[in-house]
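Hi,

Here is the structure I said I would pass on. Have a look at it first, and my notes follow below.

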Amino acid sequence: MKQTPPFASVWFDCDSTLSRLEGIDELARRRADLHERIAALTNAAMDGTVALQDIYGERLRLIAPTHAEVQALGTDYVATMVPGARSVVAALRAAGAMVGIVSGGLRPAVLVLARALGVDDAHVHAVDLDFDGGGSYRGFDHDSPLARAGGKRELMAALPARLRPSAFVGDGSTDLETRGAVDLFVGFGGVVRRPSVEAGADAFVADEDLRAVLAVLQAHGERGREPG
């Protein structure tokens, strides 16, 4: 990337954007009788046909993931990173942009992926979990905006001036909600192509390789530098 992108910060969703997995669905695979039910709830939320807050706690209650299972999910995230994820993060950081992750996923697992990508812990926003002394699930952070619809937009709207202009890259309806709160929303369809996101995004990338996003960011910058 030869030119500095016109963004002080670039933010990525995790599931089906940086990784090919949907984390909660992957945890449900360990409960074979629940997988189809959980996957249907997740798809409904990502397509925008049900509100995230209506199914967030229910999915976790049904799965009740242990601490060990959530850590293993983090390892699976790393193993299933989309092509180009590492090089995209490295290129953006080298160009001077702050890179962060904003996810409705489970923070302990998302942190494993973030560290593998070189994203600072402080720039990772996801939902914390509570476990008992034996590692059994006790609950999640009900106060997290990321466990409800509109939460990602709230976070992006509250960004300080030093992190603007900003861009967001994601695949789902909760990601699309950030449009207007950031300077550029890029829909990513390399894992799951959602028509509503494609239609509503400022730009859309269908390529399976995340490096295609860099070209979109660069093109946006060139338009921003055009005279008049």
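This is a predicted model: local features need pLDDT of at least 70, side-chain atom pairs count only at pLDDT 80 or more; totals for chains, interfaces and linings use all residues.

I'll start with strand β2 (residues 98-106), which pairs with strand β3 (residues 124-127) in the parallel sense over three bridges.

Now zoom out to the whole sheet. Six strands form an open sheet with parallel pairing, in the order β3-β2-β1-β6-β7-β8. β3 and β8 (203-205) sit at the edges with a single partner strand each, so one side of each has no neighbour in the sheet. From one strand to the next, the twist averages 15 degrees.

Further along that order, strand β6 (residues 166-170) and strand β7 (residues 184-188) pair in the parallel sense over four bridges. There, V169 has V186 in β7 as its bridge partner.

The other bit I looked at is a helix pair. The axes of helix α2 (residues 35-47) and helix α3 (residues 52-63) come within 10 Å and cross at roughly 160 degrees. Angles over 145 count as roughly antiparallel, so that is how α2 runs relative to α3. The crossing of α2 past α3 is left-handed.

Who touches whom? On the α2 side you'll find R37, I38, L41, T42 and A45, and they meet L52, I55, E58, R59, L62 and I63 in α3. By class, that contact has seven nonpolar, one polar and three charged residues.

Cheers

Conventions: Residues are numbered from 1 along each chain as its sequence is written. Side-chain values use heavy atoms; hydrogens and water are left out. Two strands pair if DSSP finds at least two bridges between them. Helices (H or I, at least four residues) and strands (E, at least two) are DSSP runs, numbered from the N terminus. Axes are lines fitted to C-alpha atoms, for helices over the stretch in contact, and angles run from 0 to 180 degrees between N-to-C directions. Angles under 35 degrees count as roughly parallel, over 145 as roughly antiparallel, 65 to 115 as roughly perpendicular and the rest as oblique. A crossing is left-handed if the near helix is turned anticlockwise from the far one by less than a right angle, and right-handed if clockwise. Contact means heavy atoms within 4.5 Å. Ala, Val, Leu, Ile, Met, Phe, Trp, Tyr, Cys and Pro count as nonpolar, Asp, Glu, Lys and Arg as charged, and the others, Gly among them, as polar.
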